[in-house]
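Me: I've got a model open and I'd like to learn how to read it. Can we go through it feature by feature?

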Amino acid sequence: MPTPASSEPSADAIVVGAGLAGLVAAAELADAGRRVLVLDQEGEQNLGGQAHWSFGGLFFVDSPEQRRLGIRDSRELAGRDWQTAAAFDRPEDFWPRRWADAYLDFAAGEKRAWLHSLGMRWFPMVGWAERGGAGAGLPGNSVPRFHITWGTGPGVVEPFARRVREHERAGRVRFLFRHRVRRLIVTNGVVHGVSGDILEPSDVGRGEASSRVIVGDFERTGGAVIVTSGGIGGNHALVRRYWPTDRLGPAPETMLSGVPQHVDGLLQQQVAAQGGRVINPDRMWHYTEGLRNWNPVWPNHAIRVLPGPSSLWLDPSGRRLPFPHIPGGSTLDTLAHITGHGYPYTWFVLNRKIIKKEFTLSGSEQNLDLTGRDLRLVARRAGPAVSPSVQAFMDHGADFVVRDNLPDLVRGMNELTGERHATVDYAVLEREILDRDLQVHNAAGKDAQLAVARSARAVPSERLIRVAKPAPILDPADGPLIAVRLNILTASRSAASKPTCKAGC
Ligand SMILES: Cc1cc2nc3c(=O)[nH]c(=O)nc-3n(C[C@H](O)[C@H](O)[C@H](O)COP(=O)(O)OP(=O)(O)OC[C@H]3O[C@@H](n4cnc5c(N)ncnc54)[C@H](O)[C@@H]3O)c2cc1C
């Protein structure tokens with residue numbers, strides 16, 4: 001039976017959500033001497049939310065890491081790149097525009113120094129996600145801007161969790177876990193509290209789906225309420241409700257989840273129902289390179305490949321996607337191409353040499369060398385061996401076909417997808433690969449995807465650990481051949497509210 005509600009006055013500010021946004025808000029408020037109450041529907045083991053699982057890639061502009069690699073970035077270039085991706089064109093984009101400007105100033109200004117002062121450091125090889133390739137005025141980062149935090153996601157959470165815990169010990173911050181907020185308390189148009197359910201204790205592991213059994217209810221009041229409840233990617237019903245069919249065609253039949261189940265969007269819905277202004281819900285950001293996790297943490301768990309530019313990207317019949325749809329190019333454009341054509345999945349075809357250099361898997365637990373800050377293991381990234389995480393997917397992943405020759409590879413691809421779907425035509429795929437392979441022997445040629453790869457190799461980090469030297473995919477010395485079935489995976493947020501991921505994540 002639910003226990004009676006308590007309505008004790010709680011704090012100067014209530015923060016709903018103990019993810020990274022909630023921790024940052026709580027730390028800043030408590031630093032300013034405020035008493036803060038932090039509520040979260042999950043248990044204490046989940047402190048930091050999604051950020052714990054993240055790759056910790058941050059968006060800085062004109063950083064020392066970029067300059068050391070000879071990259072010339074600027075506020076102007078980053079601003080133009082942001083505009084090409086955001087495509088602001090609605091009246092409700094007024095604040096997103098203002099916010100983008102302020103964030104660009106921050107990323108080109110104090111952001112890195114501030115985080116550095118909190119103890120954060122970055123891997124010297126800056127990543128280049130969302131590299132575009134279609135043209136100067138079209139979406140994409142013109143230069144590498146994906147600064148990977150030393151320690152990945154946990155390394156981002158750590159300084160903020162530490163500060164908030166210190167404030168907790170000093171009595172300025174109080175946590176209430178397993179408190180699920182269901183409503184805002186509003187009087188005369190002023191939000192001054194929250195109410196909801198107390199959920200039964202849960203000892204599931206971090207990120208796992210936890211019980212929703214209610215054992216009580218609560219009510220708390222405070223001087224201000226900040227909602228940091230994350231996005232909607234763990235709630236596919238909501239994703240489908242807001243899916244922009246006009247731009248992307250029908251939502252795919254099958255989607256995987258790039259985020260835990262607690263990213264359920266329910267509080268956003270409630271805030272909107274109580275008069276909060278939720279804008280641009282149709283501007284979603286989902287990834288196109290999702291792998292079924294062979295070792296899942298949350299339901300329907302997908303791992304995203306952060307790909308280099310050399311794999312061949314094929315539709316379900318084995319035909320190459322038209323340029324500019326290349327791996328790591330422009331996620332939303334390629335998503336529109338895939339879902340607009342109703343493809344239930346697509347394929348990468350590559351070989352061992354390409355996978356070694358060009359497959360990075362997103363997530364802290366997929367990059368234990370960087371997460372564990374282990375220099376010896378990190379140095380292996382420049383060596384010949386496939387990373388242990390990628391190798392585990394090659395060995396156990398449901399979406400991988402690894403074979404010594406093309407006929408066997410095509411047979412394996414068709415066995416994997418079964419009769420319900422289009423079959424890969426051997427002759428079509430062989431032609432696609434041979435046409436591409438004929439273009440690798442000269443320093444220049446007519447293949448636009450190879451041109452992108454060649455130009456990327458002018459950046460030392462790309463050449464060293466990210467982009468394979470153009471070579472024939474069918475060269476047996478670089479085998480075995482690999483086909484990877486790619487699924488759409490939901491991400492945590494809408495495109496318009498995704499600042500740090502302008503770097504790609
Ligand atoms: C695998 C992975 C890799 C990523 N890589 C990167 C990257 O490299 N760079 C980058 O910038 N971003 C990356 N991201 C995205 C980034 O981690 C998230 O956008 C960010 O952490 C979201 O933080 P948040 O605090 O807004 O939300 P969350 O982390 O989702 O936290 C929200 C919290 O609110 C709680 N909550 C929700 N509803 C309620 C309710 N009704 N009552 C009480 N509590 C509630 C939830 O339990 C949760 O703890 C990645 C994400 C994932 C999953």
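Me: Let me start with one side chain. Which residues does phenylalanine 348 touch, not counting residues up to four places away in sequence?

Reply: Keep in mind that this is a predicted model. Setting aside residues up to four places away in sequence, phenylalanine 348 touches Ser311, Leu312, Trp313, Pro327, Val484 and Leu486.

Me: And what does Phe348 belong to? Which residues touch the most other members of the largest nonpolar core?

Reply: That core has 70 residues, and Phe348 is among those that touch the most other members, along with Trp347, Val349 and Ala483. Strand β16 (residues 481–494) gives the largest share, eight residues.

Me: Where does this core lie relative to the domains?

Reply: Look at who contributes. Both domain 2 (57–147) and domain 3 (236–493) give residues to the core, so it lies between them. There's also a second, separate core of 32 residues, and Leu20, Leu29, Leu37 and Val164 are included in it.

Me: How is the protein divided into domains?

Reply: Domain 1 is made of 1–56 + 149–229, domain 2 runs over 57–147, and domain 3 covers 236–493. Taken over C-alpha atoms, the centres of domain 2 and domain 3 are 23 Å apart. Their contact takes 17 residues from domain 2 and 20 residues from domain 3.

Me: What does the database record say about this chain?

Reply: An unreviewed UniProt entry carries the annotation "domain: FAD-dependent oxidoreductase 2 FAD-binding", covering residues 12–488. In the model, that span is 35% helix and 20% strand, and its end C-alpha atoms lie 42 Å apart.

Me: On to helices. How do I describe two that pack together?

Reply: You give the angle between the two axes and the distance between those axes. Here, take helix α4 (residues 75–86) and helix α5 (residues 94–108): their axes come within 10 Å and cross at roughly 145°. The crossing is right-handed. On the α4 side the contact is made by Arg75, Ala78, Gly79, Trp82 and Ala86, and on the α5 side by Pro96, Ala100, Leu104, Ala107 and Ala108.

Me: Is helix α11 mostly covered or mostly uncovered?

Reply: To judge that, go through the helix residue by residue. In α11 (residues 331–340), seven of the 10 residues are buried, so to speak mostly covered. The buried ones are Thr331, Leu332, Thr334, Leu335, His337, Ile338 and Thr339. They pack against α9 (245–248), β10 and β13 (346–351). After α11 comes glycine 342, with a positive phi near 70°.

Me: What about loops? Is asparagine 293 buried or exposed?

Reply: Count the C-beta atoms around the residue, with 20 or more within 10 Å as the cut-off for buried. Asparagine 293 has 23 others within 10 Å, so this residue is buried. Its place is the loop between β10 (284–292) and β11 (302–307). Beyond four places in sequence, asparagine 293 touches His301, Ala302 and Ile303. Histidine 396 is 103 residues away in sequence, yet the two C-alpha atoms are 9.2 Å apart.

How values were computed: Residues are numbered from 1 along each chain as its sequence is written. This is a predicted model: local features need pLDDT of at least 70, side-chain atom pairs count only at pLDDT 80 or more; totals for chains, interfaces and linings use all residues. A nonpolar core is a set of buried Ala, Val, Leu, Ile, Met, Phe, Trp, Tyr and Cys residues joined through C-beta atoms within 7 Å. A residue is buried if 20 or more other C-beta atoms lie within 10 Å of its own, exposed if 12 or fewer, and partly exposed in between; C-beta atoms are placed from the backbone. Helices (H or I, at least four residues) and strands (E, at least two) are DSSP runs, numbered from the N terminus. Domain bounds come from an automatic or database domain assignment. Two residues are in contact if their C-beta atoms, placed from the backbone, lie within 7 Å. UniProt positions are given in the numbering used here, feature names are shortened, and annotations may be inferred rather than shown by experiment. Axes are lines fitted to C-alpha atoms, for helices over the stretch in contact, and angles run from 0 to 180 degrees between N-to-C directions. A crossing is left-handed if the near helix is turned anticlockwise from the far one by less than a right angle, and right-handed if clockwise.
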